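Dear colleague,

Here is the structure we discussed. My notes on its charged pairs follow below.

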Amino acid sequence: MLFTRKAAAVWLSLAFERVLTAQTPLSSHTPSSFYPGVESDLGQWNLDEGPAVNATGHLVFETANSLLQHWANTRHRIGHTIVPGTIPVGTILYHGAITGPHLPTALDWVAVEPDHSTIFCQGPIETGCWHLTLAVTRPMRVLYFDGNSAAKILEGTMDTQDLLAWSEMKPEWVRSEERRIKDLCKWGQKHGVNGFVRMEMNFEIMICNFTSHMEVVSFLNLESIRIGSDRPYLPEDPDSMRHIFGLVHSASWRENYPGETRIMLDFSGLVSFYDTALVPSLVPRRVGLDRWDHRVAGISPEDIERVQDRLAQALARPPATTSGIDWKTVLRVVVDRYASRLEFIQHLLNLTLDDGSIFDHAQQIQRQLRTVLLPYTVFAALPPNTFVTANATNSWAAPVFRECVTSHTASIASRGTTLTPSERLLLQAVRETTHEICRVVTKMWASGMNFGVDAFYPPERRPEVDHIHTLTGEWKEDVRHLISWLDWSVWVKCRPACGFEEMCYLPTWPFGFPTASAPLQAQWDSGSLWPGPNKGEWKRPQPKCIRRREPYSF
């Protein structure tokens, strides 16, 4: 007890000393920014000014952060990003042969997992099928289309490929895969590209030349996989269901960060259709739409030409001319720093409390906010008075807001002209994203100080219960809106968590989707793209637990 009282006395003494120091005007404490590119005018850091309605920086951020991750690209199937990449030497790839034990001489596909390629290993039951394993012998240049870019549906999953292959969208050719690979490879030949990466049930690569970058590891005669010809509808026999589940399970290994690591993406050449300077024609077409409904359809011919030119420039650029910044990590550090903390704060705000415990609970949330901002709480940024009030403004917290935002980008911004256009886009995306995160969190923390729930700066008397309910209500709405705006797929999970004999699953094309036996356009209605057979759950897919042991079901 004596130790506790002494500790409390020390904390109160330190808090009191800091409050007294805070009486000096902020201007005498505020240091100039370390980086010349950082805005030093604190008036520019307005805690009440949210992002523009048509801002896309957070969309560029999340799509770039989700590249080659199965979960996020299953959730938002319509891709908006094209990125150059390389498949390293030694990478093993797989191909299920249909024509027999012969290396494909025409354009064809390979899978990154044998669970995927063996689905296409077809042959008579009496003689089996042939399965080819390949190894990459020299770095293979590829181009990656994000989203569920191998899903053959009219929803827009192939829009970005159409623009590259044909300079226009051709929905009537949605199933014309041989024509598509031929024309993509024709474009790729001019730019040294030998493959195109897409996501089907798992990741696949459209190969333009099987002999230029790969060698045969094995060509095995396997038992034929017996799955119904109408693949999108799940087969009923247990053996087929076992193979299907094996494929779905193998895809789950690449669900989240770091995703598919056998393909090395070059973020310095990334092209995004959320880039409003590169593709301004799509801005008005997204107005009022949820992200689920964003399409590349409607892009102007001028913007298509600019996209193609930007990709050509990126593919022609020598690696030595890029900044060397690891953008994948830069993006992920932001997600790691804030995702779980924002989620936990929202959880605390969603708890139902009585009047007797609301004050202690508000102080607990205030401590969580203080923890998030601790590295940025500069000594000068303190409330203007010893005893703060609920009517006080938050302008005193502007230095904290500024340091929180610039901590991730100031050093990169100082590089200036060494950044490629794609890197400048990514830099702006990180800025816009962290700007809104830091604005909301700083505003919440400052409001907690003003309302008197911060233990370091107690008011003359405990706040009224009604005032605390008002504060927590505002906090709850702030966090809800922020999480909705960010829309990070890392927050999309099965709740409650699945059991050991289950796995969390998002409806994945083609299982449960329309088939060739039912024309796509005929299934369209005004309520959803395709009603049934799963009540349109794949239009806005939601996670659910499925069995990992027989009998399987999706």
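Buried here means under 20% relative accessible area, exposed means over 50%, and partly exposed lies in between (1.4 Å probe, protein chains only). This is a predicted model, in which local features need pLDDT of at least 70 and side-chain atom pairs count only at pLDDT 80 or more, while totals for chains, interfaces and linings use all residues. Residues are numbered from 1 along each chain as its sequence is written, and side-chain values use heavy atoms, with hydrogens and water left out.

The structure holds 25 salt bridges (a side-chain nitrogen of Lys or Arg within 4 Å of a carboxyl oxygen of Asp or Glu). Helices (H or I, at least four residues) and strands (E, at least two) are DSSP runs, numbered from the N terminus.

One of the salt bridges pairs D487 with R291, with 3.7 Å between the closest N and O atoms. D487 sits in the loop between α14 (465-486) and β11 (502-505) and R291 in the loop between β10 and α8, so this pair ties together parts 196 residues apart in sequence. D487 is buried at 17% relative accessibility, and R291 is buried at 16%.

D159 pairs with R295, the closest N and O atoms being 3.0 Å apart. D159 belongs to helix α5 (residues 159-166) and R295 to the loop between β10 (271-272) and α8 (301-316), so parts 136 residues apart in sequence are tied together. D159 is buried at 6%; R295 is partly exposed at 27%.

A network of salt bridges links K152, D162, E177, R180, R198, E200 and E204.

Regards
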